[in-house]
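Please read them with the model open.

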Amino acid sequence: MSEKYDLIVIGGGPGGLTLAELAAAKKKRVLIIEKDGWGGTCTNRGCIPTKALLSCSKYFADLKKLKRMGINIAEASIDFSAIKKHQQQIVKVSALGAQKVLAEAGVETKLGTGEIISSKEVRFTDSSGKSESCFAQNIILAWGSIPQVLPGITLSERVMTSDGLLNLNSLPSSIIIVGGSVIGVEFATFFAELGSKVTIVEILDTIIPLEDQECAEMLRQELIRMGVAIHTSTKLESLKDTNSGVLMMAQKDGKQLEISADYALLCTGRKPLLNSEELDKLGIEYTKGGIKIDKNMMTNMAGIYAVGDVTGGMMLAHRAAQQAKIAAGHICGDSDFSYNENFIPSVVYSHPQIARVGYTQKRAEEEGLLVEVIKSSYSANIIARAELLGQGFVKAIFHQDKLIGATIVGEDAAELIAPLALSVSNELTKKQLRAWVIPHPTLSEIFAPLLGD
Ligand SMILES: Cc1cc2nc3c(=O)[nH]c(=O)nc-3n(C[C@H](O)[C@H](O)[C@H](O)COP(=O)(O)OP(=O)(O)OC[C@H]3O[C@@H](n4cnc5c(N)ncnc54)[C@H](O)[C@@H]3O)c2cc1C
């Protein structure tokens, strides 16, 4: 039997879910097809499980602070199976939450694979192989992304990407992490805080290359303090599963580096999941960096949209959701704002966290913008001192009196960036910021110098 919808969404991650929910709220008849798990990469293999794990390791690491606060507790220890249970529980809650939202919005759901046949037809196939044709006015491609594996590396039980590593059931005594960008340093933080011996190997001369380098340096020092060995400017040559562990050969400063460990984690980027046969058949334009879209998230084929990681660029859950809002507005004829990649905040959930919105100082300088940089440190903040939050700072970038970017390194940076993201996306001036009253005493008072106080 064939069905007629206003909209068929293929992919149930943050992009697809947001679009389906918003369009259904506008009384569109919406079908969403997901082949794996509701919530996509974010819920099942990304944001949610990693943050559940990092909250466990953070509590464990923070126990060391308690003594200074006069609290003595018996020796603490790790129960890794309980940590995994916490991870699985939070993933389950997130996936159920996604399904509840869809049900409440009146979105029809199908678990299986969606394949675009024409600009109005999607073939749905369930796990038993049963197929049916579904028809719609609009089709949304929200296929997401997959890990990128370096050529010559074979995945195994001990050489894994983040997908495999999240299923690990025992704490490794040692691990090599290839790639010192966001996912790599988040896993490095988790394992190091729980006591694993962690080695990061990074081909570039710095970790977190896209963020403010003063922040990256503070994180580097903190990771080293946790016991992480960081080899930058180091080129991986081979990585082998030896059955009892892994053996890595690399080149650093012309010298051979040989490191063995229990496991290796590959964090060498992600690539859009491009079903090229389907795209080619319909003549939808793409590059290996992602499906090409216009300002409304529409592909070159009228009525077919693409949102989220499959479009390349910043691969973040809230960016996928923001693109979905734009596409939903265009489809439903009620767009009231436009998309600006500059307004998408990004967070590295290492300890300390690094959070940014808009311009870094380096990017502003590269673009020849005349900027004023205002820096404010955690060390001058009384709550940061009272709560033993350690070091951190905010760096705010003003251009022609407007806040165009900010980076925060330190505890709670992920939360603290939110008001700055609002300010940057509204292009607030210093004068407008002066009306902002910050409660006392709070960590947010690190923003006081931005208000001219
Ligand atoms: C380890 C890790 C940590 C991360 N941490 C964060 C973080 O802290 N914050 C953040 O913002 N982002 C984070 N991300 C990135 C985030 O997960 C992605 O940016 C986000 O999930 C992208 O959403 P999406 O909807 O584009 O795609 P996805 O979430 O990848 O969803 C796509 C869905 O489409 C389905 N699909 C694909 N093809 C088909 C088909 N033909 N038929 C049916 N279904 C199909 C897939 O099964 C998948 O479920 C992390 C990623 C990883 C790997």
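How do the residues of the lining of the second largest pocket divide into nonpolar, polar and charged?

1. The model is predicted. In the lining of the second largest pocket, 14 residues are nonpolar, eleven are polar and 14 are charged.

2. This second largest pocket holds about 1,200 Å³ of space. Its lining consists of 39 residues, and Lys58, Asp62, Lys65, Leu389 and Glu411 are the closest to the centre.

3. Helix H3 gives the most to that lining, namely nine residues. At least two residues each come from H3, H6, helix H7 (213-225), strand E22 (371-377), helix H11 (382-386) and helix H12 (413-425).

4. H3 runs over residues 47-66, 20 residues in total. From first C-alpha to last, H3 reaches 29 Å, close to the 28 Å expected at 1.5 Å a residue.

5. The buried residues of H3 are Pro49, Thr50, Ala52, Leu53, Leu54, Cys56, Ser57, Lys58 and Ala61. Their cover includes helix H2 (40-45), helix H4 (80-105) and helix H6 (182-194).

6. Glutamate 193 is located in helix H6. Its relative accessibility is 10%, and because buried means under 20%, glutamate 193 counts as buried.

7. Leaving aside residues up to four places away in sequence, glutamate 193 touches Ser57, Lys58, Phe60, Ala61, Met226 and His351. Arginine 158 lies 35 residues from glutamate 193 along the chain, with 21 Å between their C-alpha atoms.

Methods:
Residues numbered from 1 in each chain as written. Predicted model: local features only at pLDDT ≥ 70, side-chain atom pairs only at ≥ 80, totals over all residues. Heavy atoms only, no water. Helix = DSSP H or I, 4+ residues; strand = E, 2+ residues; numbered from the N terminus. Expected span 1.5 Å × (residues − 1). Buried < 20%, exposed > 50% of the residue type's maximum accessible area, 1.4 Å probe, protein only. Contact = heavy atoms within 4.5 Å. 1 Å grid on protein atoms, 1.4 Å probe; cavity = no way out; pocket = protein on both sides within 12 Å on 5 of 7 lines; lining within 4 Å. Points joined across faces, edges and corners; volume = space filled by probe spheres on them. Nonpolar A, V, L, I, M, F, W, Y, C, P; charged D, E, K, R; others polar.
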